[in-house]
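My notes follow the display.

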Amino acid sequence: MLFRSPFSAGPASSPDDASGAGATMPGVETPRERQERIERETLGPAATLAERSKGREREEEPDDLRTAFQRDRDRIIHAKAFRRLKHKTQVFLAPEGDHYTVRLTHTLEVAQIARTAARALRLNEDLAEAIGLAHDLGHTPFGHLGEEALTPLLGRPFRHSEQSLRIVEHLENDGAGLNLTWEVRDGILGHPWSMPAPSTSEAHVVRYADRIAYTNHDVADAVRAGVLREADLPAAATDVLGHSHRERVNTLVTDLVASSGDGSVVALSDRVSVALDTLRDFLFDRVYLRGEARSEQEKALGVIRALFGYYLEHPDEIPEEYHRSPGDLPTRVADYVAGMTDRYALRTHERLFLPRGWLL
């Protein structure tokens with residue numbers, strides 16, 4: 001059965017063609033065109049308009065229903081790498097309980113904070129949301145420990161932002177990538193503070209949203225795990241930011257909006273920025289780098305190293321889709337291992353390295 005878009009004067013298309021693209025009837029404004037007009041009329045001078053995107057690597061017909069950035073958001077949500085985030089560690093390895101943050105819930109928090117701030121600043125919230133949803137697609141199993149393990153094995157830094165970009169450009173869609181807009185890809189690559197600054201105000205909002213989200217939910221998880229008590233938090237931070245999770249997030253997002261003017265320079269006030277850095281430094285000292293956790297972290301590092309070594313010697317056991325991507329064999333091995341969820345990495349390690357009788 002074929003259907004014709006009500007906005008299209010072109011030939012009928014198959015229901016499998018989800019793009020809705022087609023030539024527009026004269027005088028009929030498509031939902032996408034209406035949204036682009038609303039952006040022109042309502043967004044601020046620092047906003048990135050979807051109709052002025054620098055475009056995609058491969059040119060595509062515009063969609064009738066969605067702007068370019070809305071289309072990117074939808075592609076990211078439907079990506080396999082996005083679904084795998086639900087079983088990837090944020091900070092605590094294999095926590096017992098349903099309320100700990102995982103990489104997917106962190107991602108959703110970042111996207112929510114980014115949308116709130118972008119809307120308040122009259123920036124393009126669709127662009128901010130798309131960047132927020134994709135920013136951590138390249139994270140390894142076991143959080144940043146996977147990056148720590150892969151870096152010496154590759155002989156170069158393994159950066160999750162670069163891997164996120166590699167996923168959307170090459171690894172998804174059976175090696176064809178998602179063909180996202182330049183602005184979303186720029187924001188993905190530049191979201192960590194250790195990378196060169198991104199080019200759009202929306203991407204700068206995501207930078208702050210990421211730091212606001214992880215600092216606060218990592219405090220909550222540490223308290224839940226018994227590693228910290230609320231009373232342990234430095235007063236220099238809590239007296240400024242607040243004495244509860246809700247207060248701290250509200251203070252940070254409100255200050256970000258109030259301090260960023262028209263959105264051309266996105267920033268926190270000096271007082272709030274110092275308080276956030278104080279809280280983050282405290283987390284590094286008491287949570288991220290605490291000595292008591294190192295023995296379990298070493299086990300996780302060992303899993304990644306062992307899997308990398310195995311697949312380097314047995315590349316024929318890597319799914320074919322990973323061999324369609326550019327790069328040498330170690331890079332493709334890293335693609336496969338980095339894409340694993342925590343539980344899949346552990347199950348694969350058991351299957352490859354433990355005697356079968358132990359697994360019964």
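I looked up arginine 115 in this predicted model; its relative accessibility is 22%, so I logged arginine 115 as partly exposed. The cut-off for buried is under 20%.

Next I checked its partner. The side chain of arginine 115 forms a salt bridge with that of glutamate 125, at 2.5 Å from N to O. Arginine 115 sits in helix H4 (residues 103–120) and glutamate 125 in helix H5, so this pair ties together parts 10 residues apart in sequence. Glutamate 125 has a relative accessibility of 15% and therefore counts as buried.

I then found a salt bridge between glutamate 125 and arginine 119, at 2.9 Å from N to O. Arginine 119 is exposed, at 56% relative accessibility. Through shared partners, salt bridges join Asp63, Arg66, Arg73, Asp74, Arg115, Arg119, Glu125, Asp126 and Glu129 into one network.

I went on to H5 itself, residues 125–134, and noted that 10 of its 10 residues are buried. Among them are Asp126, Glu129 and Leu133. At the start of H5, I noted a side-chain oxygen of asparagine 124 within 3.1 Å of the backbone nitrogen of aspartate 126.

How many salt bridges does a search of the whole structure find? I got 30. One I looked up joins arginine 40 to glutamate 51, with the closest N and O atoms 2.8 Å apart. Arginine 40 is in helix H1 (residues 31–42) and glutamate 51 in the loop between H1 and helix H2 (68–77), so the pair ties together parts 11 residues apart in sequence. I logged arginine 40 as partly exposed at 41% relative accessibility, and glutamate 51 as partly exposed at 33%.

Note on methods:
Residues numbered from 1 in each chain as written. Predicted model: local features only at pLDDT ≥ 70, side-chain atom pairs only at ≥ 80, totals over all residues. Heavy atoms only, no water. Buried < 20%, exposed > 50% of the residue type's maximum accessible area, 1.4 Å probe, protein only. Helix = DSSP H or I, 4+ residues; strand = E, 2+ residues; numbered from the N terminus. Polar contact = N/O pair within 3.5 Å; in protein donor to acceptor, adjacent residues only side chain to side chain. Salt bridge = Lys/Arg side-chain N within 4 Å of Asp/Glu carboxyl O.
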